[in-house]
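Here is a friendly set of notes to read alongside the model. Take the points in order, and keep the structure open as you go.

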Amino acid sequence: MIPSIRGTRDILPAEVGRWQRVEGVARDLCARYGYAEVRTPVIEREELFAKGTGESTDIVQKEMYAFTDKGGDRITLRPEATPSMVRSFVEHALEQELPCAKLYSLGPMFRYERPQKGRYRQFHQLDIEVFGITDPAVDGEVIEMASALVTELGIEGAELVINSVGCAACRPRFTQALIDALGERVAELCGDCQRRSVTNPLRIFDCKVPADQPIIDQLPHSENFLCDACRGHFAEVRRHLEAYGLAYRVSHRLVRGLDYYTRTTFEILGTSLGAQNALLGGGRYDHLVKQLGGPDRPGIGFAAGLERLVLALPEGAGEMDVADAFVVALGDPSWSAARILARDLRRAGLTTLIDYEGRSSKSQMKRANRSRARHMLILGEDELATNQVTVKTMETGEQQTVARADLVAHLRAVRTD
Ligand code: HAM
């Protein structure tokens, strides 16, 4: 047996109903909020993420599945969707087609991380992005939609956390303040933080090393360094959230692990997930489109980890649908009629199972029991002669004969009871 790769998973039949539930709610929500779907390739040029996600991020430095292809080009499996969505928006000049460019995508992402519960090397995201709007009303709407996703999935106890990381005008002052506040104490921090203090001091707030926390707790807060425009924008975003009646917590440590964010950042944290507790995260990125060669357009969006939504889904959600019927043939002459019956029921929209290999009626009935189908439909010589079917309701054990012509209507009626 050749096993699967560490950090990757098969989504098995017993689980797939929960996935379909999450994907169904996600697609439905996107449609209701006016998002159009885009499907971008899983492989992209490495430089898209080096430039987009950022050279100083852990994703680009340590986690990309990058390789040289047979033609000598540097390629990577995408670690996130945002740079691909921006590329697609720019490459196809989508803003000319779509009055307000709101795009979403669902698909696998790849990061070479240390696998644990809720963290995988291949995982899936719902990613949504809005291009071209600076108005804080869109920040409010995007965050409200993120919250609606979690609520509509029935996930309880989730917490919305927001922050503002400022802009190109005010961030340098804050970064300098961080360096000044750290001073000599940099040497006491972990190796990663020492590296971050040089490449991107903001990222120190991502540190989870317990020994570093007392030092990090003393650092200045980004909110106190925002320029007037960023302060005003953040106040408006908060006003919108309050108007929607959304509870939130402001955390100055929410700097997010990607380089492109400006102003608003946010995450929704789940309670049942352990250490990997972010159900989704996102924020505004006002320079990324231009930085990737497009027009000067702002952007904002978020991505939700589907594995984490599936883990957080309440028990019993997305249970596999049970079949409407299991057709049992009593004796050889009935097999052909049983197969035709199964075909007709399937064409009429009813989920129908049937056995193969001419097994005995006893063995077929055993399988019907195990399948948990709602009804067993028995076809024997008597039924064939009278053009009827014996319908056994599995839950109650009740049995009745139904005319073949009435069967579809009968099964549909009990389905909606
Ligand atoms: P991110 O915070 O890196 O942001 O990822 C978003 C979500 O993807 C996380 O909150 C988590 O649910 C899930 N996720 C990330 N890594 C893993 C993993 N290794 N295993 C399982 N789930 C994971 C982004 O990717 C940005 N592109 C979001 C964004 C969109 N910002 C603006 N637009």
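**Notes on the strands and the ligand site**

1. Let us begin with a pair of residues: T68 has R74 in β4 as its bridge partner. The two strands concerned, β3 (residues 66-68) and β4, run antiparallel and are joined by 3 bridges; strands count as paired if DSSP finds at least two bridges between them. Helices (H or I, at least four residues) and strands (E, at least two) are DSSP runs, numbered from the N terminus. Between β3 and β4 the hairpin has 5 residues, and there G72 takes a positive phi near 90°.

2. A word on the basis of these notes: this is a predicted model, in which local features need pLDDT of at least 70 and side-chain atom pairs count only at pLDDT 80 or more, while totals for chains, interfaces and linings use all residues. Residues are numbered from 1 along each chain as its sequence is written, and side-chain values use heavy atoms, with hydrogens and water left out.

3. Stay with β4 for a moment. Strand β2 (residues 43-45) also pairs with β4, in the antiparallel sense and over 3 bridges. In that pairing, I43 has L77 of β4 as its bridge partner.

4. Is T76 buried or exposed? T76 sits in strand β4 (residues 74-77), and it counts as buried because its relative accessibility is 0%. The classes are buried for under 20% relative accessible area, exposed for over 50%, and partly exposed in between (1.4 Å probe, protein chains only). A polar atom of the T76 side chain lies 3.1 Å from the backbone oxygen of Y65. That is a polar contact, meaning a pair of N or O atoms within 3.5 Å; within protein, one must be able to donate a hydrogen and the other to accept it, and residues adjacent in sequence count only if both atoms are side-chain atoms.

5. Now turn to the ligand. There are 27 residues around the ligand, and E80, T82, E113, R256 and Y261 come nearest; a residue belongs to such surroundings if one of its heavy atoms lies within 4 Å. The shell divides into 11 nonpolar, 8 polar and 8 charged residues. Here Ala, Val, Leu, Ile, Met, Phe, Trp, Tyr, Cys and Pro count as nonpolar, Asp, Glu, Lys and Arg as charged, and the others, Gly among them, as polar.

6. In the side chain of Q125, an N or O atom is 3.1 Å from a ligand oxygen atom. From F302 the backbone takes part, with an N or O atom 3.4 Å from a nitrogen atom of the ligand. On its own the ligand has 660 Å² of accessible area, and the protein covers 96% of this (Shrake-Rupley method with a 1.4 Å probe; for residues, only the protein chains shown count as cover).

7. Which elements give two or more residues to the shell around the ligand? They are β6 (122-131), β10 (278-284) and β11 (299-305). The largest share, 6 residues, comes from β10.

8. R256 lies in the loop between β8 (249-250) and β9 (264-269). Although R256 is not a glycine, it has a positive phi of about 65°. With a relative accessible area of 12%, R256 is buried.

9. R372 also has a positive phi, of about 60°, although it is not a glycine. Its place is in the loop between α14 (361-371) and β14. R372 is exposed, because its relative accessible area is 55%.

10. Finally, look at β12 (residues 325-329), where 5 of 5 residues are buried. In a regular strand the side chains alternate between the two faces of the sheet. Here A325, V327 and A329 point one way, while F326 and V328 point the other way. β12 pairs in the parallel sense with β13 (residues 352-354) over 3 bridges, and with β14 (residues 375-379) over 5 bridges, again parallel. V327 stands opposite I354 in β13 and opposite L377 in β14.
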